[in-house]
Amino acid sequence: MSQLPLKAWSLPQTSSLDSTIKIQFPKYLIAQERGKARQEFTISDLETEFQPSIPIDRIEVIEVIADSQEYNRVQQVITAKGNVVLRFAESVMTSDRLEINLKDRIAVAKGNVTLKRGDQVLRGNKFEYYLVADRGVIFNAGGEIYQPSLAEDIDGERELTPEKTILDRALSDRLKVEQPISDVTATRGFSTSIGSSRDINLIGGDDATGGTVNRLRFEAERIDFEGSEWEAVNLSLTNDPFSPPELEIRADRANFIRLNSLENKLTTSKSRLVLDDKLSVPLLLSTFAFDNRPSNPGLFNLAFDGEERGGFLIERSWTIVDNSRFNWKVTPQYFVQRALSPTTFEFSESDEGGVFNPGVFGLKNRLNINIAPRTRLNNNFSLTSFDINNLEDNFRGKVALQQTVGKLDNPYRFALEYNYRDRLFNGSLGFQTVRNSIGGVVTSPNMEIANTGITFNYQASIQNINADTDRQDLLEVERQSDRINLSRYQGALFMEKNFAISRGTPLPSTKEEGLRYSPTPVVPYLELLTGIRGVASFYSNGEQQPSLEGTIGFQGQLGHFSRSWLDYTGFKFSYSQNLRGDESPFLFDRLVDRQTLDLGINQQLYGPIRLGVSTSLDLNSNNEISTDYTIEYSRRTHNITLRYNPVLELGSFSLRISDFNWQGNPQPFRDEITPVIQGVER
């Protein structure tokens, strides 16, 4: 065996891209150890046939560099040792030792193996890779998935970088990432809210879902891959950068398939959700989608709406079409409480309930059409009963053509809208239904006045409205309803400025301090809130409703939400005074709450459990406008919040999955102990 300096060997290009391609392997081997001279050797001609997983003209150069290398001429095996770097098929791999069999076209890496392709990282103890065929296996695998570039990174037909040479030691150090984890930061993450929000709008949708988890890390006993598909044995997947993970999905087996340029699918068997490495909950789902589009988790959702749907209900969303131009989703609903106890909320005295009564079935439909990059058509409707005899009063619908202008992240918004039975909440007047309306609305972006810290935005609209009134002088003596039809011209300006009074220092971003119960370190603060709102509404019958409202208050938080007991208190209280001219002829937009007091507190009790209450009061009439009660289970990786409003008869369930980014190499999920029996590692 002779020791040779090793640099690289090349594969000649071919223009043929048939399903079966004949390749003539390189005739020459240029070898170089670090800091030594290069030598050239002849390799015997060999031909083979194979099914390529990537275009053959992309496999131009395979490069290796190491501290020392040996070449066995008889077996045609190259052995590289010490800080080995291998570059192939748009990927870079580092290891302690590497053996390459030129005859069988297989590379075997051992010891601290790290493979990087684009932003995806794979680590393991041993890695077997079949050159050119782009398939292999890695043992005791672990690594990170970066979802935004996942489809591009695993696409063998895309060129990730024009580089054709190894960056040597600097790249090797960067890939191994031996430094401990640091710079842990959190972004918006994935969130879904089931039920009803404070500013209720059932037509636009009472479930808010969005965001994504961009970065995940994983471990597996073994991963076999070929091209962009892989199969894992004993897979663990988490969004937690720290170990042991708080939130983890485990599966006995998992198959990953690239469906298209936007979507990837992970199919698992015997999957379960594991919390704190202790509590294991079987998952009914076996398929997970990896893409940048929002989705609802679970087989079904539990929601609550006493006002419209009689209390607790079950719903399930189905996506009919989902591509770059169209998104169509339907959500059938079953009103459980309405079926079993139809008069609990007294919304229909004639409703007799029943498991199969048409009145206990509902439906939501949402269709979004992207006409142009900045032009969108939304068509949404809901049914709160399948009773065809009363379909008119159970149907709500909205059609809106929306156009954005200006900056993508903060644009002007123009909309032409038609609403049928729009449901609105107007303070102490409660829920109001606008029978129908049609018109246009312009909303400005949030802007700042010079560098004063004063932010403002404005809105203008022209609408023809048919809605209820209590003004007898506007109603006919003989009539079928208390509705009137008027045009409304409205302009509104909103200005606010917050003044910082004090600001504390957050704890370090570690799992035992700043990130113990929160995805971001809590910063204690206290600030003064101020705001002014001016609204002018003019109606086609000559009436008007001008108003000017001022708000002042305080909000802040105490503690760092890090200790086990009473280490967090969030609070907000504000007072608003309104000056109003004449009142609106309609009920849905009439301003009646002239003096309001808003109070809210959120208190940690023990560990991740927080309780909250917020209320809004009309000081003139001493009426309770709205009160929310919340119980929250808050962790670094996830958050679950239950909320109920007895005044509005609304409730919700909210789930958030945190999204983290970090630097460095996270520790293994858990400390593994390898037993030695009779001197043999098992």
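**Cores, strands, surface and backbone**

Guide: The largest nonpolar core holds 35 residues, and those with the most contacts inside it are Met93, Leu98, Phe127 and Ile223. A nonpolar core is a set of buried Ala, Val, Leu, Ile, Met, Phe, Trp, Tyr and Cys residues joined through side-chain atoms within 4.5 Å. Buried means under 20% relative accessible area, exposed over 50%, and partly exposed in between (1.4 Å probe, protein chains only). This is a predicted model, in which local features need pLDDT of at least 70, side-chain atom pairs count only at pLDDT 80 or more, and totals for chains, interfaces and linings use all residues. Residues are numbered from 1 along each chain as its sequence is written, and side-chain values use heavy atoms, with hydrogens and water left out.

Visitor: Which element gives the most to this core?

Guide: Elements that give two or more residues to this core include β12 (120-130), β16 (215-226) and β17 (229-238). Strands (E, at least two residues) are DSSP runs, numbered from the N terminus. With 5 residues, the element that gives the most is β16.

Visitor: How many residues are in the second, separate core?

Guide: This core includes Val434, Ala467, Leu475 and Tyr539. Its residue count is 9.

Visitor: How many bridges join β37 to β38?

Guide: Two strands pair if DSSP finds at least two bridges between them. Strand β36 (residues 544-558) runs antiparallel to β37 (residues 569-580), with 12 bridges, and Gly553 stands opposite Ser574 in β37. Thr569 has Gln603 in β38 as its bridge partner. β37 and β38 also run antiparallel, and the number of bridges joining them is 9.

Visitor: Why does Ile609 count as partly exposed?

Guide: Ile609 lies in strand β39. Trp565, Tyr606 and Ile609 are among the residues that make a nonpolar surface patch of about 850 Å². Ile609 counts as partly exposed because its relative accessibility is 34%.

Visitor: Where is Pro244 placed?

Guide: Most residues other than glycine have a negative phi, and most peptide bonds are trans. Ser243 and Pro244 are joined by a cis peptide bond, with omega about -10°. The place of Pro244 is the loop between β17 and β18.

Visitor: What is the phi of Asn234?

Guide: Asn234 is found in strand β17 and is partly exposed, because its relative accessibility is 38%. Asn234 is not a glycine, yet its phi is positive, at about 55°.

Terms used:
Patches are made of residues with over 30% relative accessible area and no salt bridge: like charges are joined within 9 Å, nonpolar side chains (Val, Leu, Ile, Met, Phe, Trp, Tyr) within 5 Å. Accessible areas come from the Shrake-Rupley method with a 1.4 Å probe; for residues, only the protein chains shown count as cover. A salt bridge is a side-chain nitrogen of Lys or Arg within 4 Å of a carboxyl oxygen of Asp or Glu. Helices (H or I, at least four residues) and strands (E, at least two) are DSSP runs, numbered from the N terminus.
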